[in-house]
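Let's take a walk through this structure together. Have a look at the whole thing, and then we'll go through it piece by piece.

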Amino acid sequence: MALDYRKCAEEIVANIGGRDNVAQAAHCATRLRLVIKDNGKINKSALENVDGVKGMFENNGQLQLIIGTGTVNKVYDEFLAVTGMTAATKDDVKAAAAAQQPAWKRALKSVGDVFVPILPAIVASGLMMGVVEALGKAIPSFAETDWYAFLDMVANTAFAFLPVIVAVSAARVFGGNVFLAAVVGLMMVHTGLLNGWNVGNEDAINSFFGIDTGTIPTWNLFGNLKIGDYVVGSISRHGYQGHVIPVMIAIWFMSKIEKWLHKHVPEMIDLFVVPITTVFLTALVTFMVVGPIFATLENYVLKGAEWLVQFPPGAMIMGALYPLTVVMGLHHMYNVIEAGMLSSTGLNTWMPIASAANFAQFGACLAVGIKCKKAKLKTVAIPSSMSAALGITEPAIFGVNFRFMKPFVCGMIGGACGAIFGAITKIGATAYGVTGIPGYLTINNYGLYTILLLISGGIAFGLTMVIWKEDIEEGEAVAATAGSTQSSSKAEAPKSESGSESKSEIKSNIKSNGNDVTKKLVITSSAGEIALPTPGKVIPYTEIEDPTFASGVMGQGVGVQPEEGVVYAPMDGEISSVADSKHAIGITGENDQELLIHVGVDTVEMKGDGFTTFVEEGAQVKKGQKILEFDIQKIKDAGHPDTVVVLLTNSDDYEDVKFGDI
């Protein structure tokens, strides 16, 4: 029986709290995507039972209802008619969903958006820095060679100029000019300023400025004008190497100023007025406001840490808080504590605290890498965790843990537990500047240090494995499973007479139907035959590398491991949908078969790069007609499986669906 699209839409509206409870609505190839104002008004149990809704889940501020290709667009049209809303794009929905999130979640998302594109650079640098530093400590003679100096330079570059990389990425996120942002980033690490890593090092300060006071000089732009004890326009002459948050704040401000100027400055003089004004005002705000705030924070953190590490409970607190100071870019100040300990007692007891905190972030990041299903996240998390194990935690913190928050908190807990163990056992190091695995080169008790690492890393790993759950990302292929706490489905995988059909039983249906790709049948039913849409090895849908597809929630079908990047129409019919990102096409057959062809897993994230479509929605196609081309290598380079998913989304309408191919 054909679905009553109007009734489906009306029941959806009724069970989500009515029109007034919907902020935005859009659809993709298979799902209705809604931004709900008040989730408490959703009648989930009733919504799950609406005829036409095959499943539902909540993610990133969106309520996503699985309806199916060729059907969702018709239900969406009726939804708009019922509610009186206007059509929106997926980007509109994402923006509306983001606006619904709490301020702290929006801030975290901004940090993630800035850091994800630059992860390859900092992961590579982090790993290399850890290896080079370890070699230098293990083989002192190597540290004196030209090879060490060269490798150290190569490894440190991304971190020495991190503000520049962050500035460029932040400009893309906040909508500013990337080249102006690069200038601001370069200012913050200018060679005329004391390297930020040397703040607090009196010898470095005296040597750099040619003084003997050990105090960083200032530029007083407005003379000795004061407000209380604050000298107006006073700029401390130090850089911001290793800082992240100050750079992001500076570029956010720069982007706001630039946009405002573009709106108000006449076009005739825009080209030279806007850039110079933007850079000048940003520089003043960065060095006069942002700079002093973080300089003050550094002083408080330094004094607080010096006081806390004198007793075990304080060490536990610092073990927990240390990653937060990494986020703020204040952690380089701890070198002053370590240097002071070595000069007074000859033993650096701060190192075990920092090492526990860093190794805990390693454990949390590793857990994410092991637990996550998305290939792209896995390829980031595993190398980042290795970098953290070597003492360079920025890739793990910014690329994974802080981005998802729960792993970050689990790391803080693990770091606290390891730190208090280190304080109680009173282990220490004979040098400073290394943590994690390289710390074995300077620690005074290998056995206790091993236990410390196991405690901190193990607790963080275990907590993350239990607490963290992978979010369902945007796209047609999602990491949701039927029956989870956030998703539900009325569709089930096909069953044999004795119960659930096994992979081997599905494989047994595969058979040969000739050599021409358009003659090899992959799905047959009483409604007609569906041919192989692309040449390659056919696998059961249960083996597709995505839980939603593999569960059968979106219909039964097959996966094809493609041999070439081309998709042909597998049957005569009408194009019911073409994804904006060109990776998915829906076809309605002459006998009402509703077919989804989805190229790759999570390839919606590629935003159309590597995909070319040759049909539009509503077009009539003939079996064997080329409808899509895709770049297999680009899909693999992006970290996605390239499996072509072929699903008969209304397979529940037929009792005799069979699968076949070579």
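Predicted model: local features only at pLDDT ≥ 70, side-chain atom pairs only at ≥ 80, totals over all residues.

Residues are numbered from 1 along each chain as its sequence is written, and side-chain values use heavy atoms, with hydrogens and water left out.

Now the overview. The chain has 22 helices and 24 strands; these are DSSP runs numbered from the N terminus, with helices being H or I of at least four residues and strands E of at least two. Of its 662 residues, 53% are buried, where buried means under 20% relative accessible area, exposed over 50% and partly exposed in between (1.4 Å probe, protein chains only).

Next, find helix H6 (residues 119–138) and helix H17. Where do H6 and H17 meet? Leu119, Ile122 and Val123 on the H6 side touch Glu394, Pro395 and Gly399 on the H17 side, with contact meaning heavy atoms within 4.5 Å.

On to the aromatic rings. Rings of Phe, Tyr and Trp (its six-membered ring) pair if their centres lie within 6.5 Å; planes under 30 degrees apart are stacked, over 60 edge-to-face and the rest tilted. The whole structure holds 11 aromatic pairs. In one of them, Trp307 and Phe311 have ring centres 5.3 Å apart and planes at 80°, which makes the pair edge-to-face. Trp307 is exposed at 53% relative accessible area, and Phe311 is partly exposed at 31%.

Phe404 and Trp468 make a tilted pair, with 5.7 Å between centres and 50° between planes. Phe404 belongs to H17 (residues 394–404) and Trp468 to the loop between helix H19 (446–467) and strand E9 (487–489), so this pair ties together parts 64 residues apart in sequence. Phe404 is buried at 16% relative accessible area, and Trp468 is buried at 3%. Elsewhere, ring pairs join Tyr440, Tyr446 and Tyr449 into a cluster.
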